[in-house]
Amino acid sequence: MSMSHILQADRLSRNFGGLQAVDNVSFTVEEGEIFGLIGPNGAGKTTLFNLITGLTPVSSGTFSYRGKLLTGLAPHCVAGQGIGRTFQNIRLFKGLSALENVKIPQHSRTGSGLMSGVLGLPASRHEERVVEEKAWELLKLVGLSGRAVELAGNFSYGDQRRLEIGRALALDPKVLLLDEPAAGMNAAEKHTLTAFIREIREQFHLTVLLIEHHVPLVMGLCDRIAVLNFGKLIAIGAPAEVQQSQAVIDAYLGAE
Amino acid sequence: MTAVQFLQNFLNGISIGSVYAIFALGYTLVFSILGIINFAHGAVFTLGAYLTYSLAVGQFGIGGLFADLQLPFHFSFPFALLTGSILSGFAGVLVERCAFRPLRKRGADPLLALVSSLGVALVTVNVLQYLVGSEIYSFPSDVYGDIRPAFVLHFGEKLVVIRTVQIIIFSVCMVVLALLGYLIGWTRIGKALRAVAENAATASLLGINVDRFILYTFFLSGFLGGLAGSLVGTSFGIAGPYFGVSYGLKGLAVIVMGGLGSIPGAVLGGMVIGLAEAFVPSEYSAYKEAVAFAFLFAALLIRPQGLLGRSHIQKV
């Protein structure tokens with residue numbers, strides 16, 4: 001196994017009853033890449049994200065991060081390895097404020113015990129200040145520092161998407177999985193989002209995996225693209241190559 | 001009803017209502033995390049009462065395996081109450097380990113945990129009966145030390161009697177409510193608990209060890225159940241191993257009334273049920289529970305989601 005790949009999927013499979021949602025999928029992702037994952041509805045893209053993050057157990061196959069096996073780990077341990085994600089259907093903690101949303105992932109990482117937090121001991125008070133500062137920075141980054149104490153549930157759709165990315169960044173991830181980040185955005189917002197994803201990749205030295213339906217956005221943003229259809233990987237390569245692939249054209253337009 | 005009678009009923013009501021509130025909060029915490037009712041909560045209530053009794057008094061009654069057993073020590077009441085409640089918290093952890101976690105890990109329908117928790121409740125109650133017998137245990141009147149048993153307020157001819165135990169119950173419950181409010185509202189444990197309650201899967205993807213927080217929740221829930229049982233026991237005695245059953249049902253009424261999963265709702269619901277019972281005239285006191293449940297039905301007709309519950313319109 002080459003150590004230069006940051007992520008490696010090796011014959012990943014998951015079936016639900018008779019349905020082969022992800023079928024023998026292998027690929028590698030290089031450090032710093034923006035790696036797109038496209039395919040028709042129901043192709044298994046989100047299931048693949050769920051397998052990577054430990055939310056759904058694999059039926060067979062492995063997934064590793066810098067040569068370390070992630071399959072079989074509980075979701076919070078995968079997150080602890082530095083893998084953050086957002087969701088197709090936004091999953092913020094709607095009853096908590098924007099600030100609390102970006103604090104929570106940090107709390108699970110800070111050192112001092114929960115009990116000292118309850119008792120307000122000095123060590124945890126210091127940590128709390130660090131957490132607080134970073135939370136404000138992240139809110140500023142996603143342009144929501146003016147609304148930090150508002151409940152996340154009251155935000156507009158676009159703001160919620162940005163907050164969810166901010167929350168994922170609070171984990172200090174090395175790998176960020178974005179599930180349809182541009183869904184429901186207009187052309188101008190999509191353009192801003194593309195620039196934003198590039199910007200956070202530079203700033204946080206991220207490797208980004210991205211599920212997206214909007215083809216121009218994927219083509220413009222991604223270094224490489226993998227195409228799934230009925231759970232199978234049918235093409236992988238640079239955007240221009242993938243666009244030429246007969247298998248991909250068939251998958252999207254229907255074969256024959 | 002005269003104003004003095006009203007005052008007397010009101011004071012009785014808020015004292016017992018505050019215990020209902022902390023007891024019901026035990027249900028609420030588990031419900032808000034797992035979305036199911038822990039039917040073993042009433043058994044933990046009973047267990048807590050016996051634990052506090054045995055730690056405070058140091059001896060058992062004439063029935064069961066422990067008949068006439070003397071403990072080599074006994075604690076002061078506050079310490080016994082605290083220790084009994086903490087041990088009940090660990091009993092709550094055992095309930096999670098036996099009745100909830102194995103089913104959850106195997107992906108069973110969450111409703112099955114209702115049955116398994118009911119099973120744990122029955123086993124607990126039966127073991128208690130085997131150990132301590134089924135007789136009534138009453139705390140000795142000097143259990144609080146030298147404090148006088150009651151305070152009498154004079155209003156001309158009329159008297160309002162406040163039993164010391166009522167003051168103790170109310171004060172302990174208020175302190176516990178304040179601490180719980182602080183814990184859930186202001187500490188990182190509380191924030192993580194709220195995150196797990198809102199969406200456990202998302203919380204786990206943000207690095208929160210959900211199983212650990214479920215354990216914390218069951219500890220808190222057991223602590224509250226055991227504390228409530230101990231307080232009710234000191235006020236009315238422990239009417240045998242089954243005495244938690246009716247309180248268990250009443251606790252359910254409280255959380256349904258207040259709104260499932262709502263913490264302020266559990267407190268308000270506890271107070272409403274406690275007051276409703278207190279205002280039942282003494283000649284009808286045998287029907288207290290029917291009155292409390294009638295109140296529940298009336299409230300649900302007006303607000304099906306409970307007094308402070310959120311309506312489920314947005315959930316499909």
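Biologist: Which residue of S4(A) is the bridge partner of Ala9(A)?

Modeller: Phe63(A) is the bridge partner of Ala9(A) in S4(A). This is a predicted model, where local features need pLDDT of at least 70, side-chain atom pairs count only at pLDDT 80 or more, and totals for chains, interfaces and linings use all residues. Residues are numbered from 1 along each chain as its sequence is written, while chains are lettered from A and ligands numbered from 1 in the order in which they are written.

Biologist: What makes S1(A) and S4(A) pair?

Modeller: Strands (DSSP runs of E, at least two residues, numbered from the N terminus) pair if DSSP finds at least two bridges between them. Strand S1 (residues 5-16) and strand S4 (residues 60-65) of chain A have five bridges, so they pair, in the antiparallel sense.

Biologist: Why are S2(A) and S5(A) called edge strands?

Modeller: The open sheet has the order S2-S1-S4-S5 in chain A. Strands S2 (19-30) and S5 (68-69) of chain A each pair on one side only.

Biologist: Why are H10(B) and H11(B) called oblique?

Modeller: H10 (residues 263-278) and H11 (residues 288-302) of chain B pack at about 135°. Angles under 35 degrees count as roughly parallel, over 145 as roughly antiparallel, 65 to 115 as roughly perpendicular and the rest as oblique. The two helices are therefore oblique to each other.

Biologist: Which residues make the contact of H10(B) with H11(B)?

Modeller: Val272(B), Ile273(B), Ala276(B) and Glu277(B) of H10(B) meet Lys288(B), Val291(B), Ala292(B) and Phe295(B) of H11(B) (contact: C-beta atoms, placed from the backbone, within 7 Å).

How values were computed
Axes are lines fitted to C-alpha atoms, for helices over the stretch in contact, and angles run from 0 to 180 degrees between N-to-C directions. Helices (H or I, at least four residues) and strands (E, at least two) are DSSP runs, numbered from the N terminus. Two residues are in contact if their C-beta atoms, placed from the backbone, lie within 7 Å.
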